[in-house]
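Here are my notes on the model you asked me to look over. Have the viewer open while you go through them.

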Amino acid sequence: SDSMVGNPKNVYKINNKNYTFSLLRYYAHYVETCKIIDYSKISTILEIGSGFGMQQEIFKKLYPNMTIFLTDLPSHLLFQKEYLSKIFLNKVELFGETNDNSNKIILVKPENLKDVEFDVFWNSISFQVMDIDVAKNYLKIINKQTKKFICLKNKIDDNDKSILSKNDYIQLLSNFDLVHFGKSEAQAFSKDKEIFNMIFKRNTNG
């Protein structure tokens with residue numbers, strides 16, 4: 001059910017629960033990765049470019065014991081802290097505030113990303129709007145710091161040199177094998193129909 005924080009528009013009430021298209025899109029993004037990832041065995045997840053935090057809101061509601069890390073621009077981290085703190089009271093902290101990160105939502109500045117390890121890395125849309133060299137630098141860190149799975153949902157167009165290609169992702173994520181590639185079914189809830197869902201699993205060499 002939508003938290004209704006921020007007074008979202010186009011709310012549909014079914015069986016006394018509130019739903020929005022944004023909620024359904026983020027939930028669908030989660031569901032299509034469940035074909036490969038058993039999240040009941042995942043204890044930590046990190047997302048780069050989290051918007052206002054609804055994707056990780058869904059993960060936290062479904063798996064309250066999961067530790068969630070969010071990395072973004074400083075101004076965006078402030079929005080995420082404001083939004084998520086209203087839903088998860090006393091559960092949202094800045095990285096380094098305490099030594100105990102368990103069961104919390106931790107906001108991580110980009111410069112501290114190398115100090116965090118996590119089971120699953122998640123990115124939706126933001127790599128395609130970053131400068132390509134910035135995205136590549138992030139992926140080099142992610143290739144090292146991620147323990148189990150990488151979930152990417154971005155535009156793939158090998159003719160567009162301003163964004164990463166499928167082969168770019170494969171080469172940069174050398175510690176992982178691409179185990180799923182296809183158009184994202186979750187885009188049924190969005191205007192953008194060209195988003196591809198890529199899931200990588202850490203290989204035995206990584």
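1. Confidence first, since this is a predicted model. Taking pLDDT (the predictor's confidence in each residue, from 0 to 100), helix H1 (residues 21-33) comes out lowest in the protein with a mean of 89, while strand E3 (residues 44-48) is highest at 97. The protein averages 91, and 96% of its residues reach 70 or more. Where pLDDT is low, the predicted coordinates should not be read in detail. Helices here are DSSP runs of H or I with at least four residues, strands are runs of E with at least two, and both are numbered from the N terminus.

2. Some bookkeeping. Residues are numbered from 1 along each chain as its sequence is written, and side-chain values use heavy atoms, with hydrogens and water left out. As the model is predicted, local features need pLDDT of at least 70 and side-chain atom pairs count only at pLDDT 80 or more, whereas totals for chains, interfaces and linings use all residues.

3. Now the largest pocket, with a volume of about 260 Å³. A pocket, on a 1 Å grid over the protein atoms alone, is an open set of points where a 1.4 Å probe fits, with protein on both sides within 12 Å along at least five of seven lines; lining residues have an atom within 4 Å of a point. Grid points are joined across faces, edges and corners, and the volume is the space filled by probe spheres set on the points. There are 14 lining residues, and Tyr26, Gly49, Gly51, Ser124 and Ile125 lie nearest the centre. H1 supplies the largest share of the lining, 3 residues. What is the lining made of, by class? It has 9 polar, 3 charged and 2 nonpolar residues. In this scheme Ala, Val, Leu, Ile, Met, Phe, Trp, Tyr, Cys and Pro are nonpolar, Asp, Glu, Lys and Arg are charged, and the others, Gly among them, are polar.

4. Aromatics next. Rings of Phe, Tyr and Trp (its six-membered ring) pair if their centres lie within 6.5 Å; planes under 30 degrees apart are stacked, over 60 edge-to-face, and the rest tilted. That rule gives 12 aromatic pairs. One of them is Phe52 with Tyr83, edge-to-face at 5.0 Å centre to centre and 75 degrees between the planes. Phe52 sits in the loop between E3 and helix H2 (54-62) and Tyr83 in helix H3 (residues 74-87), so this pair ties together parts that are 31 residues apart in sequence. On accessibility (buried is under 20% relative accessible area, exposed over 50%, partly exposed in between, with a 1.4 Å probe and protein chains only), Phe52 is partly exposed at 35%, and Tyr83 is buried at 9%.

5. Phe59 and Trp122 also pair edge-to-face, at 5.3 Å centre to centre and 80 degrees between the planes. Phe59 belongs to helix H2 and Trp122 to strand E7 (residues 118-124), so the pair ties together parts 63 residues apart in sequence. Both Phe59 and Trp122 are buried. They also belong to one aromatic cluster along with Tyr27, Tyr30, Tyr39 and Tyr63.

6. Two buried glutamines are worth a click. Gln80, in helix H3, has a relative accessible area of 0%, and a polar atom of its side chain lies 2.9 Å from the backbone oxygen of Gly51. Gln145, in helix H5 (residues 132-145), is buried at 7%. Its side chain has a polar atom 2.9 Å from the backbone oxygen of Lys114.

7. What about phi at Asn10 and Asn15? Most residues other than glycine have a negative phi. Asn10, in the segment before E1, has a positive phi near 50 degrees and is exposed at 55%. Asn15 also has a positive phi, about 50 degrees; Asn15 sits in the loop between E1 and strand E2 (17-19) and is exposed at 75%.

8. Finally, two residues with their C-alpha separations. Lys13, in strand E1 (residues 12-14), is exposed at 56%, and its C-alpha lies 28 Å from that of Asn65, 52 residues apart along the chain. Thr146, in strand E8 (residues 146-155), is buried at 1%; the C-alpha atoms of Thr146 and Arg202, 56 residues apart along the chain, are separated by 8.1 Å.

Definitions and conventions
Polar contact = N/O pair within 3.5 Å; in protein donor to acceptor, adjacent residues only side chain to side chain.
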